[in-house]
Amino acid sequence: MLKGKKIIIGITGSIAAYKIPFLVRLLKKQGAEVQVILTPFAKDFVTPLTLSTLTEKPVLIDFFNEKDGSWCSHIELGLWADLILLAPLSANTMAKMANGIADNLLLTTVLSARCPVYFAPAMDLDMYKHPSTHENIKKLKSFAYKLIEPVEGELASGLKGVGRLEEPEIIFDILSDAFAESDTLKGKHVLITAGPTHEPIDPVRFIGNHSTGKMGIEIARAFANKGATVNLVLGSVSMSIDEPNINVMQVQTAEEMYEQCVALFPDVNIAVLSAAVADFKPSKPANKKIKKEKSVSTIKLEPTPDILAELGKQKKNDQILVGFALETDNEEANAIKKLNNKNLDMIVLNSLNDEGAGFGTATNKVTIFTKNGSKTEIPLKTKDKVARDIVDQIIAFI
Ligand code: CTP
């Protein structure tokens, strides 16, 4: 699983740095390529010679190589890595990372990285307990960096409590699992629709709905984290998504979404249509703003194309098609009807009667039905967690 994986280990000034040579050995034994970057303080805690011998690479510390006048490109390093681990991460470097400070090679590399970043703090009891540390951890987690929590035990100061760097064997297992997960859907192509469509009435007005696209965007992220190549056809939302493995196509109307989906569908393995597509559009949108003096008593509507139903017609045996159903009454029966009528493999039911579920909330609660008759309830959770559960259900179905 680790063979050929490129891992940067960033070591900061903490006594726990002595554990990292053990971790490097474990990773190298499994065939990983390891590049160590030290902060200037870290070299007082672990020798570059030990680390360069174990990694078979020069250890990097400074931007500039004084011997030959060359400089070290943090951008190239950030792009080279499949994963960055900061271990041990001191309170000082953590605070800098939380605030985008980039005053050494390690910090600039992390800022330039596009790969998953894991961080394993290690510090004394009271430093770890300090509210600023907790705020900084919260901030790093909000950047989607993954925390490897420090453990309880005897600390270098002689105090006992939480603050010890997790053991190298455990960190090794966490990284191995991360790579195993990121390979699950490697080579698979996925199509996701998300967000609302806006159907113009005139150049300034439209028919739309309250969807924010969050659920679909989180599903796209969950697929990308498992190594899939994702095409996200995104309706009118303001959220910007800049992630490797997610190719975003922004559309406005149901018609535009339909065209993108029909063009992409033949080449995808899995399609999940979570967009809140407007079912009707004004038949003849005005090309100039409708002035209020010209009172409008009716707007003539016509149906938009049903993208999901069309993909259901085109679906080949080896493709998986997943739809959503947003219901207010007769939820289960309506969802199962859509599953059958639109030739789906799976449908995710959202009930607007469930508190904390639906449009604009940070959380969701869904029930998943498959064409094989199974029913899985996902309790109220944040949308990123629900997204991971939906993707796991799809993998289990495959
Ligand atoms: N959908 C679609 N194209 C449309 C309308 C809906 O692809 N023009 C998809 C949605 O993305 C969702 C599913 O169809 O995956 C169900 O959407 P929903 O609005 O719940 O149901 P409808 O099929 O539109 O039926 P109704 O509005 O009568 O409930």
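Reader: Across which strands does helix α7 lie, and at what angle does helix α7 run to β4?

Author: In this predicted model, helix α7, residues 131-142, lies across β3, β4 and β5. Relative to β4, the helix runs at about 165 degrees.

Reader: How do α4 and α7 cross?

Author: The axes of these two helices come within 9 Å, with a crossing of roughly 50 degrees. That angle makes α4 oblique to α7. The crossing is left-handed.

Reader: Which residues make the contact between α4 and α7?

Author: From α4 come M94, A95, M97 and A98, while α7 supplies T133, N136, I137, K139 and L140. Sorted by class, the contact of α4 with α7 has 6 nonpolar, 2 polar and 1 charged residues.

Reader: What is the order of strands in the sheet that contains β3, β4 and β5, and is the pairing parallel or antiparallel?

Author: In general, the strands of a sheet pair through backbone hydrogen bonds, and the pairing may be parallel or antiparallel. Here, 5 strands form an open sheet in the order β2-β1-β3-β4-β5, and the pairing is parallel. β2 (33-38) and β5 (146-147) are at the edges; each has a single partner strand, so one side of each is left without a neighbour in the sheet.

Reader: How many bridges join β1 and β3?

Author: Strand β1, residues 6-11, pairs with strand β3, residues 83-89, in the parallel sense over 4 bridges. Within this pair, I7 has L83 in β3 as its bridge partner. Helix α4, residues 91-98, packs on the sheet as well, where it touches β3 and β4 (117-121). The direction of α4 makes about 135 degrees with that of β3.

Reader: Into which domains is the protein chain divided?

Author: The division gives domain 1 (6-182) and domain 2 (189-397). Taken over C-alpha atoms, the centres of domain 1 and domain 2 are separated by 39 Å.

Reader: What is the order of the strands in the sheet of 8 strands?

Author: The order is β12-β11-β8-β13-β16-β17-β18-β19; this sheet is open and its pairing is mixed. Its edge strands are β12 (246-250) and β19 (375-382), each of which pairs on one side only. From one strand to the next, the twist averages 20 degrees.

Reader: How do β16 and β17 pair?

Author: Strand β16 (residues 320-327) and strand β17 (residues 346-351) pair in the parallel sense, over 6 bridges.

Reader: Which strands does helix α12 touch, and across which strands does helix α10 lie?

Author: Helix α12 (residues 331-341) packs on the sheet and touches β16, β17, β18 (363-370) and β19. The direction of α12 makes about 150 degrees with that of β17. Helix α10 (residues 254-264) lies across β8 (189-194), β11 (229-234) and β12, and runs at about 160 degrees to β11.

Reader: How do α9 and α13 cross, and which residues meet there?

Author: The axes of helix α9 (residues 214-225) and helix α13 (residues 383-397) come within 8 Å and cross at roughly 55 degrees. This makes α9 oblique to α13. α9 passes α13 in a right-handed crossing. On the α9 side, K214, M215, E218, I219, A222 and F223 meet K383, D384, V386, A387, R388, I390, V391 and I394 in α13. The residues of this contact of α9 with α13 divide into 9 nonpolar, no polar and 5 charged.

Note on methods. Residues are numbered from 1 along each chain as its sequence is written. This is a predicted model: local features need pLDDT of at least 70, side-chain atom pairs count only at pLDDT 80 or more; totals for chains, interfaces and linings use all residues. Side-chain values use heavy atoms; hydrogens and water are left out. Axes are lines fitted to C-alpha atoms, for helices over the stretch in contact, and angles run from 0 to 180 degrees between N-to-C directions. Angles under 35 degrees count as roughly parallel, over 145 as roughly antiparallel, 65 to 115 as roughly perpendicular and the rest as oblique. A crossing is left-handed if the near helix is turned anticlockwise from the far one by less than a right angle, and right-handed if clockwise. Contact means heavy atoms within 4.5 Å. Ala, Val, Leu, Ile, Met, Phe, Trp, Tyr, Cys and Pro count as nonpolar, Asp, Glu, Lys and Arg as charged, and the others, Gly among them, as polar. Two strands pair if DSSP finds at least two bridges between them. Domain bounds come from an automatic or database domain assignment.
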